[in-house]
There are 2 protein chains.
Amino acid sequence: MHDEEMVGLRRKRRMAQVVSLTSAVIFLWILLYGASTVRHASRIALIYIVTPTYTRPSQKVDLTTRLSHAFQLAQGIHWIVVEDSDHKTTLVANLLSRTGLPYTHLHIPTPGHMKRQPHEKPWAKPRGVLQRNEGLRWLREELQSSNNLDGFLYFADDDNGYDLELFDEIRIIKRVGVWPVAFVGEVMVEKPLLKDGKIVGWDVAIKPEREFAVDMAGFAVSVKLLMDHPEAKFDFDQPPGYQETYFLKGLGLKKEDMEPKAKNCTQVLVWHTKTKEPVLIQEKILNRKGKHTDEGMEV
Amino acid sequence: MHDEEMVGLRRKRRMAQVVSLTSAVIFLWILLYGASTVRHASRIALIYIVTPTYTRPSQKVDLTTRLSHAFQLAQGIHWIVVEDSDHKTTLVANLLSRTGLPYTHLHIPTPGHMKRQPHEKPWAKPRGVLQRNEGLRWLREELQSSNNLDGFLYFADDDNGYDLELFDEIRIIKRVGVWPVAFVGEVMVEKPLLKDGKIVGWDVAIKPEREFAVDMAGFAVSVKLLMDHPEAKFDFDQPPGYQETYFLKGLGLKKEDMEPKAKNCTQVLVWHTKTKEPVLIQEKILNRKGKHTDEGMEV
C-alpha cells in the first residue's frame with residue numbers, strides 16, 4: 001500500500017467520522033428535544049373537571065362548544081361528566097368519545113322529591129348535588145390507587161364559558177385558588193375583596209355574610225387537599241347559596257387560606273352564562289301531527 | 001503498516017460509514033416528515049369566516065368560547081369580525097389578538113333608522129346587513145390582490161355553536177354547500193329536502209316557498225364563486241327571511257346547484273343558539289348608587 005493511499009484512506013475515514021458525528025449529534029438533539037416535549041406534556045399536572053349535566057335541547061351544543069373545545073385547547077384535563085339520569089345517555093357517550101380527551105362518564109339520578117317544583121323559585125333547591133358527590137367519589141377512588149397527587153379539582157357547570165387562561169391559573173394553586181366570576185348573584189362580577197394581597201371578604205350583593213361567598217365556578221383545589229379531607233362533599237340540606245361554603249369548610253379551609261388568582265382577582269376568566277331555551281312553537285305544532293324535525297338526528 | 005492494521009482500519013471505516021448512513025437516513029426522515037407536516041398545514045384551503053357582532057354583556061364570552069376556540073381547533077381559518085359600531089372597540093381588538101388566529105377587524109355602524117324599534121317584532125328588520133357587506137368588500141379586495149382562490153366563505157354569527165366537523169365539510173365544497181341548522185325557524189332542525197341525493201326543496205316550517213329556505217349558518221360558498229359575481233351581497237330592503245335567498249341568487253345559484261353536506265343533510269353540525277341575557281337586578285341597584293362591580297375589569 002502506498003503512503004498516498006494511506007493518507008487518502010485516513011482522510012476519508014476522518015471525513016466519515018465527522019459526517020457520522022454531526023449526523024449523530026443532530027439526530028440525538030432532535031430525539032432529546034422531541035422527548036423533552038413529550039416529557040413536558042406528561043409532566044403537566046392534571047386538572048380533574050367535574051361537570052354535572054342534564055338532558056335539554058341545548059345540552060350537546062353547550063357541552064361541545066362551550067366546554068370540550070376549551071378543554072381540548074387547555075390540555076392536561078381529565079373530564080368527569082356526571083349525568084342527572086338513571087342511565088348514561090348515548091348523546092353524552094358519543095360526545096365524550098369524540099373529544100379525544102381523557103374522560104370518565106358517570107350518572108346518578110336526582111330523586112323527584114329533591115327536584116325543584118314548578119311553584120318554587122329557581123334557587124329554592126340546589127342542583128347537581130348528587131352528581132358532584134358522585135364525581136368526588138370516583139375521583140377519590142381513582143387517586144387512592146394512584147401515587148400522583150399533583151393534580152387539581154375544578155367544578156365546571158355545563159353552560160358556563162371558560163377562558164383558556166383560567167387553566168393556567170389553576171395549575172399554580174398550592175391548596176385553594178379563588179377568582180372573579182361574571183354574571184352571577186345578579187351583578188356583572190362577583191369577586192373576592194382583597195387587602196394587601198390577602199382575601200378579607202367578598203364583593204357580592206347577595207349573602208356577603210357567607211364564609212365563602214364564591215360561585216362553584218370561582219375556585220379550585222389541589223387533589224392532595226381533597227384526599228386529606230375524605231369527608232368533604234356537597235349537601236342537599238344546606239340553605240340556598242351555601243353549597244360552596246359547606247364544601248370548602250369540609251376541606252378545613254378558612255377565608256385566609258384562599259389564594260387570589262387572575263391577577264389579584266382583577267380579571268374575568270369565567271362567565272356564568274345560560275343558553276336561551278330555543279323557540280320551538282312550530283315544532284310543537286308539528287309534534288301534535290306526529291312529525292319531529294329531528295327524527296333520526298342527534299341535535 | 002501491517003495487514004491486520006489495514007483490516008481493522010477498513011472495518012472501522014465501514015462501521016463509521018454504516019453509523020453515518022443510518023444517522024443520516026433517520027435524520028433525513030425526521031426532517032422530511034416534519035417538513036411534510038408543515039407543508040400539509042399550509043396547503044389547507046382557508047375558510048374566511050365573516051362574523052357581524054355588537055356590544056352586549058355576553059359579547060366577549062360568546063365570541064371567545066363559542067367561536068374562537070372552535071376556530072383555533074379547526075385551523076386554516078381567517079376570521080373577519082365586523083363590529084356594528086362607529087369605532088373598533090378595545091374589547092374586540094384584545095380578544096382577536098389573543099386568539100392567535102389570522103384575523104381582520106372591521107367596523108361599520110348601522111344607522112338608527114335601520115335598527116329595530118322597541119315596538120317592532122325581532123324579525124321586522126334584518127340585522128348584520130351592513131356588517132356582512134363590509135366583510136364581503138374587504139374579502140373581495142383581499143382576493144383581488146391574491147392569486148389563490150382555493151378558499152371558502154362562511155357567515156358565522158357571534159352566538160351560534162359550531163361542531164369542528166363543519167369545517168371539514170366546508171373544505172370539500174365545490175361551489176356551494178348546504179346542511180341542517182338546529183334551533184332556527186321555531187323548529188328543532190331546519191334542513192334541505194333531498195331526493196336521490198339532490199336538493200329538491202326545504203324541510204322548514206316558516207316560508208318554505210323561499211328559493212333558498214336556509215339560515216345564514218346553513219351554507220358556505222367557494223371564494224371563486226364570490227369573485228365571479230362581484231355584485232352579490234345583502235340588502236336591507238328584502239322582506240324578512242330573504243337575506244340568504246337574495247345573496248345566493250346574486251351568486252347566480254339555483255336550488256339544484258346546492259351540494260348537500262353533513263352526510264346528505266342528516267347531521268346537525270351547527271346550532272342557532274342565543275345566550276340568555278344575564279340577570280343584573282342587584283347591579284342596577286348598585287349603579288344607581290354610583291357603583292359598578294366590573295369597574296376597571298373587562299367582562
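A: Two strands pair if DSSP finds at least two bridges between them. Strands themselves are DSSP runs of E with at least two residues, while helices are runs of H or I with at least four, and both are numbered from the N terminus. The model is predicted, and local features therefore need pLDDT of at least 70 and side-chain atom pairs pLDDT 80 or more, although totals for chains, interfaces and linings use all residues. Residues are numbered from 1 along each chain as its sequence is written, chains are lettered from A and ligands numbered from 1 in the order in which they are written, and side-chain values use heavy atoms, with hydrogens and water left out.

In chain A, seven strands make up an open sheet in the order 3-2-1-4-10-6-11, with mixed pairing. Its edges are strand 3 (103-107) and strand 11 (259-260), each of which has a single partner strand, so one side of each lacks a neighbour in the sheet. Within the order, strand 4 (residues 152-155) and strand 10 (residues 219-222) of chain A are antiparallel and are joined over three bridges. One of the residues involved is Phe152(A), whose bridge partner in strand 10 of chain A is Ser222(A).

Strand 8 (residues 187-195) and strand 9 (residues 198-203) of chain B run antiparallel and are joined by five bridges. Two residues lie between these strands, and Asp196(B), in the turn, has a positive phi of about 50°.

A pair of aromatic rings is described by the distance of the centres and the angle of the planes. Rings of Phe, Tyr and Trp (its six-membered ring) pair if their centres lie within 6.5 Å, and planes under 30 degrees apart count as stacked, over 60 as edge-to-face and the rest as tilted. Over all chains, a search of the whole structure finds 22 aromatic pairs. One of them joins Phe71(A) and Trp79(A): the ring centres are 5.1 Å apart and the planes are at 85°, so the pair is edge-to-face. Burial is judged by relative accessible area: buried means under 20%, exposed over 50%, and partly exposed in between (1.4 Å probe, protein chains only). Phe71(A) is buried at 0%, and Trp79(A) is buried at 0% as well. In chain B, the rings of Phe219(B) and Phe247(B) have centres 6.3 Å apart and planes at 35°, so this pair is tilted. Phe219(B) belongs to strand 10 (residues 219-222) of chain B and Phe247(B) to helix 7 (residues 243-250) of chain B, so the pair ties together parts 28 residues apart in sequence. Phe219(B) is buried, with a relative accessible area of 1%, and Phe247(B) is buried, with 0%. Back in chain A, Phe71(A) and Trp79(A) belong to one aromatic cluster that also holds Tyr154(A), Tyr162(A), Phe167(A) and Trp179(A).

Charged side chains supply the remaining contacts. A salt bridge is a side-chain nitrogen of Lys or Arg within 4 Å of a carboxyl oxygen of Asp or Glu. There are 30 salt bridges over all chains. Arg98(A) and Asp163(B) form a salt bridge at 2.8 Å, N to O. This pair crosses between chains, from helix 3 (residues 90-99) of chain A, which holds Arg98(A), to the loop between strand 5 (161-162) and helix 5 of chain B, which holds Asp163(B). Arg98(A) is partly exposed, at 44% relative accessibility, whereas Asp163(B) is buried, at 1%. Within chain B, Glu298(B) and Lys60(B) form a salt bridge whose closest N and O atoms are 2.7 Å apart. It links distant parts of the chain, 238 residues apart: Glu298(B) lies in the segment after helix 9 (281-288) of chain B, and Lys60(B) in helix 2 (residues 59-74) of chain B. Glu298(B) is partly exposed at 27%, while Lys60(B) counts as buried at 6%. A network of salt bridges also links Arg56(A), Asp62(A), Asp158(A) and Arg66(B).
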